Amino acid sequence: MFGFFKKFTSAKMLRAKGVLGMNTRNFHIISRYNQRRLYPLVDDKVQTKALALQYGLETPNLIGVIEHQFQVKNILSMVKNHTEFVVKPAHGSGGKGVLVVKSFTDSCFTLASGKTITYSELYQHISNILSGLYSLGGRYDEALIEEVVHFSDVFKDYSYNGVPDVRIIVYKGYPIMAMTRLSTAESGGRANLHQGAVGVGLDIKTGKTKKAVQHNLPLTYHPDTHADLRKIEVPFWREHLLIAAKAYEMTGLGYFGADIVLDATKGPMMLELNARPGLAIQIANGLGLKKAIKRVDKYYPSGLTPQERINFILR
Amino acid sequence: MKHFISARLILTFFLVLSLAFAGYSIYYKIKYWGFSISPRQNANVWAIEAHINFLADGSPIKVSLGIPRKNKGFKILEENVIANGYNTQKYDDRIVFRTKNMIGEQDLYYKIIVFDNITGKDKLKDTAPKSPSLPDMDEQQLAQARQIIKLSASMPGDDTAEKLVNFFNQEPLHPALKSYLPVQYTPAVKLKIMQDILAVEGISSRTARGLRLEEGQKITPDLMLEVYIGGAWRIYDPLTGKRGLPDNFLLFQRGGKSLLDVEGGTGSSVKFSLQKSITSTMNLASQRAKQSKKAGWFDYTIYNLPLAQQNTLKWLSVFPLGILLVVLMRNIVGVQTMGTFTPMLISMSLVKTGFATGLICFVAIVIMGLIIRFIMSKLNLLLVPRISAVVIFVILIIHALTFIGYNFDIKIAQASVFFPIIITAWIIERASITWEEDGPVNAGKELFNSLLVGVIVYFVIANDYVRHIMFVFNELNLVILFIVMLLGTYTGYRLTELKRFAPLVKKVN
């Protein structure tokens, strides 16, 4: 009985630590700084991509968009000049419905996971995307065909079977907290912390490991690859921050999460933005977001360009 | 920060205002209208509404309804007639409506408020009948009837009639009786046959009609058998063979006359609505209030509406409390449920089905639905047809359960009819998607949470006291409204977050 209560802490302690709760996030942050009309800019990846192009942000190149069921088979003509491609839902989140095709022949497609699927299975998958299987609220959706990101080798030892990305929380244009999520055997190659992925908090100034947790418990070595998690240092950190900061001007959102991946040749690329980023990043960093938010409100100047904001952070 | 403080301030102000209003209103209702906080105090006060409906054919109309004015077991507190364009005349045991040429559907209401008059029980006034005329039977039927009387002599009972009723209710039916009764028969036909047999023996009998006082709508009256034995009319319940009136039984009509006669109309029916009446307590009290100048208010409240509407409102007025609970569970405790008001819908169904039966039924439907959904997922159907298929499957499952329930007399399975089909189908769809994406543990957790919150809400809204109070003092719903809105400004931690973020402040070993 008491063991059960031991798992709880007090609101007072959390407040002292500056932890951001769900209610405060929704009431004070999201409903104040994120206007509803701006949501489609980040919820729809087609729009996000178009905007990113306009603002000069690097994203994976778009090969084509499939909007209607009768266009499903157009994918063949779209990808005929490519050897590999990615299919993803425009309104998806958390990597749901993403298919990475590494090669294809006249009869089948080979996926990044090594699995092969037939043509009709690929059509079925796109069809499912269009009917809204992976979209928020099950609305009709579009399917994006993108170029494949060639992940830099930096994370190779740190991730089991998955796509490591860096999540940066941006408040009023300032990156305030960052982490990378490493998939594990337990998480089934997915990067969701509640499914058992490892969350590594990154120092906002250096991009170096601050703390690593799995299931809320600290750890030092990756459970599958046994790589030393303390040694992570994300290269091109300044560029990562700059992409996140630029997304502020691009979307007008006061509070969002930017998911950034590192391409081996093209450098950091923006994968997607999230107008309601989760709160687990606090556990990975061992820090409360509220504290960081207050610091920005109090001491950080407004009206700076993205470059100037990053300079201010890295000063 | 500023807009937040002012929002909270305004809402707090309204909350206080509504509290003050509710406080005064409750005081007023108790003091002047005699409403009570406990639902039990009204137990013996009943409002009964007879709704006569028929199609007028254009000729002069005469409608006559048997009424319980002569009844000794209950006293009539108030009598009301709603019949626009009709002349009404009240006699001792009937009310007669008359009018000239009406055309179209006619609705007449006769509404009484009665309360238990314990001292008058079982004192039915008697007039001696003529000895009965022999019923229209052939020799064979006559012989059979005599045989039945003979056979029934061995049944328990004080007199021939009681023995006969018991004989008719014997399980299984005696072969002699089986061959005498038609293959299918209504209670009324059965009663008529009993009377015929009694007439063969030279015993006078007649039917009486009345109502069992249980809350409900569209009730048809029960038939009773009256038999003249030993110089007095004795009354029997033809279903149980018990002598005397059942408890809480109000006789509407005695002496073998019909309950409703309509001249100048077709397709006539009379349906009764009963309510353990709040109106009546109010009426007891409002007579007192009428002498003061505060009486007028009463006419403008929901308690003056027809009973059917009052029953609906009674059902509705408990929901805000359930909604408040859902808000508390989600935003203060932080329980993740499927959809916002799924728990609310589950609890509403549970009220209709009964707790244990409903719960078993719900779990059975969801489990069966999930199995079917998994088989179906192999077919890779598109979203909308897939959910539609699940809806149809749920309907078929309910068909099957109801059929099994009826044939094997399992009440549990029959309760399944009350589950909202579309909602159940969505729960199945959501659960199976969560299952595929986040694993069975998460799906089970979400289902369990929804069910848990549903059960908690059920226990609140199914409570007699809560339902009574929320209806009688319906101004409390205004208070709940502002509490819910004020909760919308709660920005503190959720209870579950105290656990979730505990690693941030504690050294975990």
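The model is predicted, with pLDDT of at least 70 needed for local features and 80 or more for side-chain atom pairs, while totals for chains, interfaces and linings use all residues. Residues are numbered from 1 along each chain as its sequence is written, and chains are lettered from A in the order in which they are written.

I looked up the geometry next: the axes (lines fitted to C-alpha atoms over the stretch in contact, with angles from 0 to 180 degrees between N-to-C directions) of H8 (319-333) and H13 (421-461) of chain B come within 9 Å and cross at roughly 145 degrees. Helices here are DSSP runs of H or I of at least four residues, and strands are E runs of at least two, numbered from the N terminus.

For contacts (C-beta atoms, placed from the backbone, within 7 Å), I found Leu321(B), Gly322(B), Leu325(B), Val326(B) and Met329(B) of H8(B) meeting Val453(B), Ile456(B), Val457(B), Val460(B) and Ile461(B) of H13(B).

Of the contacts in chain A between residues at least 6 apart in sequence, 61% join residues at least 24 apart.

I then checked where chain A touches chain B, and the contact takes 29 residues from chain A and 24 residues from chain B. On the chain A side, H3(A) gives the most, with five residues.

Terms used
Contact = placed C-beta atoms within 7 Å.
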